[in-house]
Every structure is written in C-alpha cells, then in structure tokens.
Amino acid sequence: MRRDRLSRRTVLALTGACSLATVGVGQLAGETGDDEQPDVDDGVSRDTFVIREGTDQATTVYVTTAEADGPTVVVLGGIHGNEVAGYVAAGEIADWTIDAGTLVTIPEANAVAIERGTRTDDDGIDLNRQFPESSEPRTDLASAIWDVLSEFDADVVVDLHESIGIYAGDPIDGVGQAIFHSDGDAVAETADSAGTYATKHYVDDMDLAFKTGSFSGPATEPSGLLVHKAARDLGADSYLVETLSRGPDLETRVQWHLAITERLLADDVFVDDPENGDVPEQPVDDDPGEEVPDDDDDPVETDPGDDDDGETGVSPSAEIRTDPPNADELSLESGQTVTLDATCSTVTDGEIVSYDWQLNGDETVDETGDTIDVTIGANGDHSILLRVTGEEGATDTAQITLSAE
C-alpha cells in the first residue's frame with residue numbers, strides 16, 4: 001500500500017521549482033489561462049499549484065477534476081509534521097481517479113513542521129489552532145490554506161491526523177482511532193459507516209476499532225481547528241480522522257486513512273465503488289464479530305517494540321533521565337529547575353529524528369530537543385511526556401511526574 005515517495009522539498013531540490021505549475025488559486029477555480037492546459041488522465045484533468053511560493057512554507061496543491069459534475073472535496077495531511085501517516089496517505093489520495101466533481105488535495109500542509117518532524121513549526125506555532133471561526137486566520141500559512149478552501153468553495157473537507165492515545169470520550173486520553181465530524185444526521189451516518197467499514201476490513205485488534213464523535217462546540221477547547229471553521233464558515237461536511245501512531249506500523253495506519261477517506265467520499269466523487277486499490281473488491285467476511293485480517297498485509301501490531309513501517313527498523317525506545325537524578329522520586333521546590341535528558345533513548349537500524357516534549361498535560365508540543373530544562377512554577381504534580389520519532393515515522397513515549405511542595 002505504501003509507496004516510495006520523495007517529499008515535496010526533495011522534488012523541488014532535484015528538479016527545480018520551475019518544473020511545477022504555479023498558477024494561482026483563482027485560475028484553478030475556473031479562470032484557467034489560455035496557456036494553462038491541465039493534464040488529462042483516465043478521464044480526469046489534473047493540475048497543481050503552489051501556495052506560499054518562495055517561502056519555506058511553500059507546498060503543492062493538487063487538483064483533480066472529473067468530467068461529470070459533482071461536489072468539491074478538499075483532503076489535507078501534514079498539518080502537524082509528526083503525524084506521518086496522514087501526510088503519506090494524502091500524498092496517495094492526490095493521485096486518485098474520481099468519477100464526479102473535484103478533488104483538491106494538500107498532502108503536506110505544514111512543510112516546515114514536516115521537515116522538522118514536529119507538531120509545530122520553527123516558532124512553536126500549532127497550525128491547527130490558527131483558524132478562528134467568523135474571523136481571519138491568524139498566520140500567513142493558515143490564510144493561504146483557507147484561501148484554497150474558500151476559492152474552491154469546499155463542500156466536503158477531510159483532515160488526516162494521528163494521535164499517541166486512544167479516543168475515550170475525552171481528548172486528554174488521546175484521540176486516535178476516531179473520526180470526528182460536523183453536525184448533521186447524514187454526516188454522522190457517513191462517519192459511522194466509514195469507521196465500521198475500516199474496522200471490519202482492516203483492523204485485527206478490536207481494541208483499535210474506530211469510534212466516531214461530533215466536533216466540540218464553538219466555545220469549547222480545542223478551538224481554531226480548520227475543520228471547525230470549514231463546517232461553520234463554509235457549511236462544508238467536515239471530518240477529522242485520527243489514527244493511533246503508537247504500535248500499528250506506518251503502512252497499516254496509511255491503509256486505515258485511505259480506506260476511511262474513500263468511504264467518507266463514496267457518495268460524493270465516486271459513482272461506482274472506488275477503484276484506487278484501497279478497499280477489497282469483495283467483503284472479506286460477512287460476520288463483523290470475527291477478526292478480519294487483510295491477506296495482503298501483516299496483522300496490526302500493537303506492541304511499540306515491533307517494526308513500525310512493516311519493512312525495516314524497530315520502534316524507538318524513549319527514556320527520560322533527570323538532573324538531579326531520579327527527580328521524579330524527589331520532593332522538589334517551587335522555582336527549582338530540572339534538566340530532562342532524552343539522549344539515552346534508542347532506535348535499532350536508524351536514528352531518532354525528533355524529541356518532542358509535552359509539559360502541560362495536553363497534546364501540545366512545548367519543547368523540542370534531546371535535552372531541555374524545566375522550572376517548576378507551582379506546587380503540585382506536573383506530568384511531562386516525551387515522544388521520540390525514528391526515521392521511518394515510528395514513535396515511542398516516556399512519561400514522568402515531577403512533584404513540588
């Protein structure tokens with residue numbers, strides 16, 4: 001399922017930026033110039049253009065248009081740079097053939113964060129908090145992405161993500177293996193159907209069954225999410241898909257994203273059953289109560305020590321050491337500084353490419369680097385999580401609690 005693909009930046013470096021079409025959003029939304037002729041392939045036309053061109057945020061938008069009329073669908077990946085399966089899957093979706101409407105894909109929405117292998121960019125900005133409802137996006141990159149959705153007047157938006165935890169009705173427990181959706185009975189039914197389908201045909205461990213849930217309210221955290229703004233400002237049917245990044249290998253997670261996205265879009269841009277190679281031609285088993293292995297793939301591995309991408313390498317092992325030693329067993333003082341050291345974390349057959357630290361009990365990456373200093377600002381318990389990522393996207397976490405009196 002997973003294809004070998006160079007990142008957009010590598011392609012630019014090898015071929016030169018001028019090899020990519022760089023027409024504006026307005027042109028591809030219906031104002032194509034006389035000299036701009038889209039490629040025609042399998043009955044669809046294909047175009048590309050670049051947003052934030054000339055900056056380190058530059059990224060390619062892919063537009064596939066079918067001959068038959070239909071809705072406009074926008075699929076995004078890589079809003080968080082360390083959620084690898086989402087942007088790998090979106091890269092494959094950009095090549096899909098559709099039967100009706102228009103498919104707009106932004107596989108690597110946050111190029112800087114993808115290059116860093118982190119959730120946030122160089123300035124620590126979480127891109128998926130920059131889309132306030134009923135007002136302008138907060139950053140230039142967020143504005144450029146929003147312009148794409150607005151100019152194409154998106155009817156459906158699918159945003160592909162990953163999480164280190166399992167959805168349990170509370171985001172603090174992690175939101176993996178879930179499809180969140182905008183309001184409406186039809187949208188909820190579509191999400192439920194996609195989750196059930198992916199679970200039946202692709203999930204071997206029923207602890208990893210996909211769940212569904214509606215978006216949080218406008219005044220509820222987290223806020224500023226792209227899909228929230230798309231639903232409430234554009235009236236688009238919107239979905240945020242989360243897969244579990246710890247345990248299942250990268251190929252399996254990509255497959256989950258592809259199968260779910262096809263099911264979410266089945267009634268919009270596919271007249272017949274999709275033929276992109278991401279769903280079985282016949283049901284694997286008519287009994288949803290039994291485990292349904294995919295004959296073409298290894299069973300899902302839930303042990304973080306197993307291979308992460310199904311090909312080479314072993315998941316990293318995260319380890320936190322402290323100075324003073326064993327600081328998590330000490331009674332610290334408010335204002336005391338502790339050094340957290342992750343240099344003893346390991347990975348077989350590769351290197352660790354990122355160290356992400358969550359210091360505030362949520363999923364926001366607050367610090368990066370193999371060694372950081374934290375100052376205890378208040379009495380009480382302070383939970384700190386380290387997430388390390390290997391070259392192939394495999395991750396592992398370690399967690400400690402520092403206590404001050």
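In which hand does α3 pass α8, right or left? I looked this up first and record the reply below, after notes on the model.

**Entry 1. The model**

I note that this is a predicted model, in which local features need pLDDT of at least 70 and side-chain atom pairs count only at pLDDT 80 or more, while totals for chains, interfaces and linings use all residues. Residues are numbered from 1 along each chain as its sequence is written, and side-chain values use heavy atoms, with hydrogens and water left out.

I found eight helices and 17 strands in the protein. Helices (H or I, at least four residues) and strands (E, at least two) are DSSP runs, numbered from the N terminus. Of the 405 residues, 51% are buried; buried means under 20% relative accessible area, exposed over 50%, and partly exposed in between (1.4 Å probe, protein chains only). I also looked up contacts, defined as heavy atoms within 4.5 Å. Among contacts between residues at least 6 apart in sequence, 71% join residues at least 24 apart.

**Entry 2. Helices α3 and α8**

I recorded a right-handed crossing where α3 passes α8. A crossing is right-handed if the near helix is turned clockwise from the far one by less than a right angle, and left-handed if anticlockwise. Helix α3 covers residues 84-93 and helix α8 residues 250-265; their axes come within 9 Å and cross at roughly 55 degrees. Axes are lines fitted to C-alpha atoms, for helices over the stretch in contact, and angles run from 0 to 180 degrees between N-to-C directions. The two helices are therefore oblique to each other. Angles under 35 degrees count as roughly parallel, over 145 as roughly antiparallel, 65 to 115 as roughly perpendicular, and the rest as oblique.

On the α3 side, I listed V84, A85, G86, V88, A89, E92 and I93 in the contact. On the α8 side, the residues are L250, R253, V254, H257, L258 and T261. By class, this contact has eight nonpolar, three polar and two charged residues. Here Ala, Val, Leu, Ile, Met, Phe, Trp, Tyr, Cys and Pro count as nonpolar, Asp, Glu, Lys and Arg as charged, and the others, Gly among them, as polar.

**Entry 3. Helix α7**

I then asked how many of the eight residues of α7 are buried. Six are, and the helix, residues 226-233, is mostly covered. The buried residues are L226, V227, H228, K229, A230 and A231. They pack against β4 (68-76), α5 (140-151), β6 (156-163) and β9 (237-244). After α7 comes G235, with a positive phi near 70 degrees.

**Entry 4. L141 in α5**

I located L141 in helix α5. At 4% relative accessibility, L141 counts as buried. Not counting residues up to four places away in sequence, L141 touches R52, Q57, A109, N110 and L127. Between L141 and A109 I noted 32 residues in sequence and 8.6 Å in space, C-alpha to C-alpha.

**Entry 5. An open sheet**

I traced an open sheet of five strands with mixed pairing, in the order β11-β17-β16-β13-β14. β11 and β14 (367-368) stand at the edges, each with a single partner strand, so one side of each is left without a neighbour in the sheet. Two strands pair if DSSP finds at least two bridges between them.

Strand β17 (residues 395-404) is mostly covered, with seven of its 10 residues buried. β17 runs parallel to β11 (residues 331-332), joined by two bridges, and S331 stands opposite S403. β17 runs antiparallel to β16 (residues 380-390), joined by 10 bridges, and H382 stands opposite L402. β16 and β17 form a hairpin with four residues between them, and G393 in the turn has a positive phi of about 95 degrees. Two bridges join β13 (residues 352-358) to β14 in antiparallel fashion; W357 has E367 as its bridge partner.

**Entry 6. Backbone details in loops**

Which peptide bond did I find to be cis? It is the bond from D323 to P324, with omega near 10 degrees. P324 is in the loop between β10 (321-323) and β11.

R52 is a residue other than glycine with a positive phi, near 55 degrees. R52 lies in the loop between β2 (44-51) and β3 (59-66), and at 26% relative accessibility it counts as partly exposed. Q177, also other than glycine, has a positive phi near 60 degrees. I placed Q177 in the loop between β6 and β7 (178-181); at 1% relative accessibility, Q177 counts as buried.
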